[in-house]
Amino acid sequence: MSGEVLPLRRIDHVRFFVGNARQSAYFYRNAFGFDVVAYAGLETGMRQEAGYVLRQGDITFVLASPLRPEHPDNKRLMLHGDGVQDIALEVDNVDAAYADAVRRGAVGVTPPTCLQDDHGEYEFATIKAYGDTTHSFVNRDRYRGVFAPGYKPLDPERYNPRTFHPAGLLAIDHMVGNVEEGKMDEWVHFYENVMGFKQLVHFDDKDISTEYSALMSKVVQDGRGRIKFPINEPAEGRKKSQIEEYLEFYGGPGVQHIALSTNNIVETVKALRKNDVTFLMVPPTYYEMLPERVGHIEEDLHELARLGILVDRDDEGYLLQIFTQPVEDRPTLFFEIIERHGSQSFGKGNFKALFEAIEREQARRGTL
């Protein structure tokens, strides 16, 4: 099947549904270095919800929260807490993408819709993905506003631009979904059959396991290689895996983490640490074995060890990566920072050290 079944341009934006969008925007601005560029709410004619648009590099996050108790998505907050609601994909033609996806088996949520204001036309349609996560198809070719109708450029008085410090984040490298045991292949087939994705790589419980727990993972990507979605499911282990912990506290399948790329992970991590972003740390012994395992790299090994940055190599090159602690009180959503030097893999050589670090945190939470 051609990768161009649905000609997807890129991830347009990621919509988070949160309890307090204004406070969440402050967090992502001051912790991760996002610029808050647009607002929707009572002052812009939106009566049901408030929304903030955040940008850094080619990354766009939308943080939305309800203004009224009858908002249709209020139950999401009770079930999930804050989390990713929608992964919006930019397409050439919203009508065609939606019709083709539904014809191939997708469940429609919102049919093709055109919103208009003085800045033009914004088109979108939405289908279901795993859990109650959705994908929207978006086209803004005829829209010149800051984000979409209902959103206005942010009043500068709300945030002082002189206190805005980008962290060097450039783009979404990949987004990882956690699904129930036995459901991974079903969702891989969804992306293959409905979206025209292809399976890129498969990790089984021999690849991703520790003494206590294991998981399975398959990675799918679109035909142009710009959008990558690993899908995880738990595998049988002696104790509760991180995927089972996520499913329990999120209340079902959902987005586990978002990997954000940078061209200088050392400086990015320094900036994020200065902003009080906390990261998972591996034991110092990890770095003793690193030169033998990955060979020569450009970065200073002592600096990487001090910051907790992991390294892995494949046939195409190497990558550097680090993972934050969960950004919610629930052990659910977290972020990965990644810098690629040729490698297009996902850090298989780091899995054991990383998952043991996660298990140490699970033990502290009493959920292992």
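**Sheets, cores and rings**

Colleague: In E8, which residue is the bridge partner of Ala125?

Modeller: This is a predicted model, in which local features need pLDDT of at least 70, side-chain atom pairs count only at pLDDT 80 or more, and totals for chains, interfaces and linings use all residues. Residues are numbered from 1 along each chain as its sequence is written, and side-chain values use heavy atoms, with hydrogens and water left out. Strand E7 (residues 120-128) and strand E8 (residues 134-139) are antiparallel and pair over 6 bridges; strands (E, at least two residues) and helices (H or I, at least four) are DSSP runs numbered from the N terminus, and two strands pair if DSSP finds at least two bridges between them. The bridge partner of Ala125 in E8 is Phe137.

Colleague: Which strands stand at the edges of the sheet, and why is one side of each left without a neighbour?

Modeller: The sheet is open, with mixed pairing, and its 9 strands follow the order E6-E7-E8-E5-E1-E4-E3-E2-E9. One side of each edge strand has no neighbour in the sheet because each has a single partner strand; the two are E6 (108-117) and E9 (152-153).

Colleague: What angle does the direction of helix H1 make with that of E3?

Modeller: Helix H1 (residues 21-32) packs on the sheet and touches E1 (8-17), E2 (35-40), E3 (49-56) and E4 (59-66), where contact means heavy atoms within 4.5 Å. Axes are lines fitted to C-alpha atoms, for helices over the stretch in contact, and angles run from 0 to 180 degrees between N-to-C directions. With the direction of E3, that of H1 makes about 10 degrees.

Colleague: How many residues of strand E14 are buried?

Modeller: E14 (residues 254-262) is joined to strand E10 (residues 169-178) by 8 bridges in the antiparallel sense, and to strand E17 (residues 334-341) by 5 bridges in the parallel sense. Buried means under 20% relative accessible area, exposed over 50% and partly exposed in between (1.4 Å probe, protein chains only). E14 is largely enclosed by the rest of the structure, because its buried residues number 9 of the 9.

Colleague: Which residues have the most contacts inside the largest nonpolar core?

Modeller: A nonpolar core is a set of buried Ala, Val, Leu, Ile, Met, Phe, Trp, Tyr and Cys residues joined through side-chain atoms within 4.5 Å. The largest has 84 residues. Apart from it lies another core of 13 residues, including Phe124 and Val138. In the largest core, the residues with the most contacts are Phe16, Phe61, Phe137 and Ile258.

Colleague: Is Pro69 buried or exposed?

Modeller: Pro69 is found in the loop between E4 and helix H2 (74-80). Its relative accessibility is 74%, so Pro69 counts as exposed.

Colleague: What is the angle between the planes of Tyr286 and Tyr287?

Modeller: The whole structure holds 24 aromatic pairs; rings of Phe, Tyr and Trp (its six-membered ring) pair if their centres lie within 6.5 Å, and planes under 30 degrees apart count as stacked, over 60 as edge-to-face and the rest as tilted. Tyr122 and Phe124 form a tilted pair, 6.1 Å centre to centre with 35 degrees between the planes, and both are buried. Tyr286 and Tyr287 form an edge-to-face pair, 4.8 Å centre to centre, and the angle between their planes is 80 degrees.
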